[in-house]
Amino acid sequence: METERVLWIVLLWSTVAAGLYLLRRRSPFHLPVLALGVTALVGSFFPIASAFIEPSSWRNLDFLSPDIVVATQAQYACFALGLLASVLLSAQVGWLAPARAVEEGAPRADSDARDLCVATLLVLTGLALYGLYVQRVGTAALFDREDYAHKYLLSQGLGPLQFGLPTAIVGCLWAEASDLPRALKNMFLPVALAIIAWTVAFISVRTNAVILVLGYLSIVAWRRRLELRGVRLSLLCALLALYLALESFALFRGVYRGDLAEALWILQTQGERAIASAVGGSELSHPFVTAGEILRGREAGELAGRSLLDGIAACLPRGLYPERPLMLSEQFVRSNYAELAARGGGAAFSLVAEGWLNFGAAIGPALFGLALGGLLAWVERRRELAPEGLVARVLPFFVFYVAMQHRNEFGTLFKQVFMVALVVLPCFLAGDAIAGSRVRSRLRPRSI
C-alpha cells in the first residue's frame, strides 16, 4: 500500500479515536459517535480494500487514479477533524456532562395518552398514504427484480404518498421510545415486522428494514444506558453481521431473476468476482467513489454555498415551483451516468464532496463536519433534557440517516427532516389535544 494512503488512514483513525474517547460515556448509538465511526469506515474502506483487490463496479472506477484516491482521503480526514472540533466545543459548553437528572420539569400525567395517540395517528396515516402509493405505481412494478430504476421512475411526483411507509415507521419507533406499558408497545411490533417483510421479501428494498432495526437498537441502548466504553464484542459482531447481510443482499438482488437456486449457484461459482463487486459496489465505497469523481471533474469552492439554498428549495413541490433547481445528486447522475438517469435511477452522493464544492478543499469538508457534529450534539442534548419531548421521540428514526450520512447531501437530509416534521407536527398536536382533553375529563368533578 502506498505510504501516503497509510498516513492519511492513520490521521483519520487517530482523529476519530480521539473523538470517541471523549464520547466514551455515551451510547454506541449516540449520533456524534455514529458520525465519527462511519466517517472512519467510509474514508478508509475503499483505499485499503482497493490496494489488495481490484474493485469491480458499474461506477467510473477507471477515473480514480492513485492521486485522486489520496486527495479524497485528505478531504475525509478534514471532515473528521471538523467532527472532532464539534465534540471539543460540546465539551466546553457542557453538552457532554451527565444530564439525566436535569430533566425540564416533572413528567406529564398525560404523556402516555399522548404517545399512544400520536403513534396510532402516524401508523394509520402512513399506511393509508402508502396504500395509495401502491395503487398508483402498481404491484407489478414494485415486485420487478430486474429493473429497479423503473420503479423509481414511476415513483417520481409521488413523494408524499411514498413517504407513507417512513411515516408508519416513525409511529412504530415513537411507541417503542415512549413509556407506554409493554402490552401497548407490542401492538405496534407486528406493523414493524410486516414492513420489514414487505420491503425485503416483496419489493427488495432494504432501507426501511435497516431504519427499523437501527431505531430499535438505539432505543434499547438508550434505555439500558449502554456506554461506548462498555460495548461488548458481541454487539460489534452483531453489527458486522448486519452489514455483511446487507451487502450479501445487494449482491443476491443483483443476480436473482426468480430462481433462488440459480442465484445461489451464480454467487458460489463467481466468488472472486463477487468479492471484487463487494469492494467496488459496497455502501462504504460509493460515497468515496463519488467524492473522487467530483474532485477529478469539478473546481473546489465553485458553488460558494449555493447547494445549501438549493437543498432547501428542493422541498417545494414541482407544482408550486416547476423550475426548482436540481439537487447535487440529480446533477451528478445526469452528468456522470446519463443512461441510468434516463431510466429513473440514481447514484449515491457525498457530503464530503458537497463541502469541497461549496467552500473549497480542506476547509469545506471541515466546516461541514463541524456543523453536522454540532447539530447532532445539540439534538442529543435535547433528548437528555426532555426525554418525553418531540425531539426524543423522533430521534430513533434518524439514526439510520446519520449512519448513512456520507451517501447523502444537505438537500436530501434536510428534506427528510422537513417531511417528518410536516407529518409528525400535526399528529403531535392532535395527540396532545386528545390526550389533554381525556385527562381534563377524568379530573372534572362529577355531578351527583
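Trainee: Are tryptophan 174 and phenylalanine 428 buried or exposed?

Mentor: In this predicted model, tryptophan 174 and phenylalanine 428 are both buried.

Trainee: How are the rings of tryptophan 174 and phenylalanine 428 placed, stacked or tilted?

Mentor: Planes under 30 degrees apart count as stacked and those over 60 as edge-to-face, with the rest tilted. Here the planes stand at 55 degrees with the ring centres 6.0 Å apart, so the pair is tilted. Tryptophan 174 belongs to helix α8 (residues 164-177) and phenylalanine 428 to helix α23 (residues 410-443), so the pair ties together parts 254 residues apart in sequence.

Trainee: What do phenylalanine 410 and phenylalanine 414 show?

Mentor: Their planes are at 25 degrees and their centres 5.7 Å apart, so this pair is stacked. Both residues lie in helix α23, four residues apart, about one turn of the helix. Phenylalanine 410 is partly exposed at 25% relative accessible area, and phenylalanine 414 is partly exposed at 28%.

Trainee: How many aromatic pairs are there, and which residues form one aromatic cluster?

Mentor: The count is 14 aromatic pairs. Tyr130, Tyr133, Trp198 and Phe202 form one cluster.

Trainee: Which arginine lies over the face of phenylalanine 63?

Mentor: Arginine 296 does, at 4.2 Å from the ring centre. Arginine 24 lies over the face of tyrosine 21, at 4.1 Å from the ring centre.

Trainee: How many disulfides are there?

Mentor: A disulfide is a covalent bond between the sulfur atoms of two cysteines. The count here is zero. Cysteine 117 is buried at 14% relative accessible area, and cysteine 172 is buried at 1%.

Terms used. Residues are numbered from 1 along each chain as its sequence is written. This is a predicted model: local features need pLDDT of at least 70, side-chain atom pairs count only at pLDDT 80 or more; totals for chains, interfaces and linings use all residues. Side-chain values use heavy atoms; hydrogens and water are left out. A disulfide is a pair of cysteine sulfur atoms within 2.5 Å. Buried means under 20% relative accessible area, exposed over 50%, partly exposed in between (1.4 Å probe, protein chains only). Rings of Phe, Tyr and Trp (its six-membered ring) pair if their centres lie within 6.5 Å; planes under 30 degrees apart count as stacked, over 60 as edge-to-face and the rest as tilted. Helices (H or I, at least four residues) and strands (E, at least two) are DSSP runs, numbered from the N terminus. A charge sits over a ring if NZ of Lys or CZ of Arg is within 6 Å of the ring centre and within 35 degrees of the ring normal.
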